[in-house]
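Me: I'm opening this one for the first time. Can you walk me through it?
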Amino acid sequence: MPNDERKKPFLSRRTLVKGASFAAVLGLTTSGALSGESVLADGIDDKKKEKKSVDEKLASLREDLNEVDTELADAYLSLAETEARIPDAQARLDSARSALEAAKAEDARQAARLKDAEAEEREIRQAVENGEHKISQSNEDVSRASIEAYKGTGAPNPASIFLNAENPQDAVDRTMNYRLTLQAQGAKLTDLRGQQAMNVNSADRLEAIRAEIEDLKKKSAIAVAERRQAESEAAQAKKDLDDLYASQKTQAATLETLKEKYRVSESELESQSSALETDIQRLIEKERQEELARQREAERKAREAREAEERRAKRERRKPRKVSPPKSSGGSSGGASSGKFRDPVSARRSSMFGYRFHPVYHTRKLHKGMDYAAACGTPVGAMAAGKVLATTHNRGAGNKVIVSHGLHNGQILTTSYHHLQGFAVSAGQRIEAGQTVGYVGSTGASTGCHLHFETHLDGTALDPRKFVGY
């Protein structure tokens, strides 16, 4: 290959080698570190986002599970959390596998470049060695020619060509031989100088390719390390996903076992609830009779007062003086109609009255009240003035206060406050609107602190928003 054709790619390669070396050093000292920090920061942010997403899903589920037994709810939430994490774990595995493939490709590319560079280095080194041999041989030829010329055994003296010539033709032949000899010696000197120049160029190329090889070895080492790191991360991501699937399987089996257990418990709770409702109905009926008795007594007193006033008025008419207007003495039931209704706590309404899809049993069930997302220990105030009918406890409602607010459009209005941490009133006690009846808790079938609030007319549950507003 001609010298100029071999030299062009070498010069381009040498420029690239210097540029690549500088870029590699710069990458290792600055951008590499920054890139590593950036990747670490991105990973932390992704973890935070993933945790926030999972927590939000679980918070929503907890509100749906507020009326579910704690053990069953915990099992369901554990399974839900695992299943919520699976998509992110799968995405991390897919990302890790993509990164591994990219790392393997880069490793193979750097290994191929290093192999090509080493092959070129051997080729150039061989060329340099051959050049050195040729230079050595040429030096010997030139030296030998010089010695022969010095001894007189080499090329003839120009004057002797004509002096020793036997005839003119012989002189011409001798002159031609002399010229050819000088030309041959000149060619050897020219070849020697060319070979020396080529060897200098090849030596430069050899030095540059060796520098490139060192740089490629560093890059190859980095590529190998990155491939190994990617392999480790992919293996860990695979293990994490496998662990999640194993947990999912175990938790699903546990949930099914608990569902069967609490199906029986639900029936017991329903029976217990029915018994309590019967007791409450008796209390409501007793309250109705007492309220009617109070009304009859108030009406009797009002009637007697009117009759007395009428008799007094007749007497007064017989006297010549101005009669004052009669004063009203009408009774008041003291019931709910006499006061303004209020929310029992100042907190977000987290779950409304109505039929809901049960997340565990996949059935529709009436949610008979309204939930408030209040913190444990928050005082719970009565919706209106009234009388405490009962302070009870059961596995479903936990600690519960039932308050009667008297007749409302001819029906007894009652409110009940569930899952209380503790009571602040006792049965039979008369209370004012807003008076504390208990404190928010998480007793009974509850997965977290909240107030379950119900309103009833003659024992039939109604949407509390009909009384405390939308």
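Me: Start with the rings. Which residues do ring pairs link into a cluster?
Reply: Tyr372, Tyr417 and Phe453 are linked that way. Keep in mind that this is a predicted model.

Me: How many aromatic pairs does the count come to?
Reply: Three. One of them joins tyrosine 417 and phenylalanine 453, with 5.3 Å centre to centre and 35° between the planes. That pair is tilted.

Me: Where do tyrosine 417 and phenylalanine 453 sit in the chain?
Reply: Tyrosine 417 is in strand β8, residues 411-423. Phenylalanine 453 is in strand β11, residues 451-457. They are 36 residues apart, and the pair links distant parts of the chain.

Me: Is tyrosine 417 buried or exposed?
Reply: Tyrosine 417 is buried. Phenylalanine 453 is buried too.

Me: New topic. Which strand holds arginine 430?
Reply: Strand β9, which covers residues 430-431.

Me: And why does arginine 430 count as partly exposed?
Reply: Because its relative accessibility is 47%. The partly exposed range lies between under 20% for buried and over 50% for exposed.

Me: What does arginine 430 touch, leaving out residues up to four places away in sequence?
Reply: Arg294, Gly386, Lys387 and Gln435. Leucine 389 is 41 residues from arginine 430 in sequence, and their C-alpha atoms are 9.5 Å apart.

Me: Now the whole chain. How many helices and strands?
Reply: Five helices and 12 strands. The chain has 470 residues, and 33% of them are buried.

Methods:
Residues numbered from 1 in each chain as written. Predicted model: local features only at pLDDT ≥ 70, side-chain atom pairs only at ≥ 80, totals over all residues. Heavy atoms only, no water. Helix = DSSP H or I, 4+ residues; strand = E, 2+ residues; numbered from the N terminus. Buried < 20%, exposed > 50% of the residue type's maximum accessible area, 1.4 Å probe, protein only. Contact = heavy atoms within 4.5 Å. Phe/Tyr/Trp six-rings, centres within 6.5 Å; stacked < 30°, edge-to-face > 60°.
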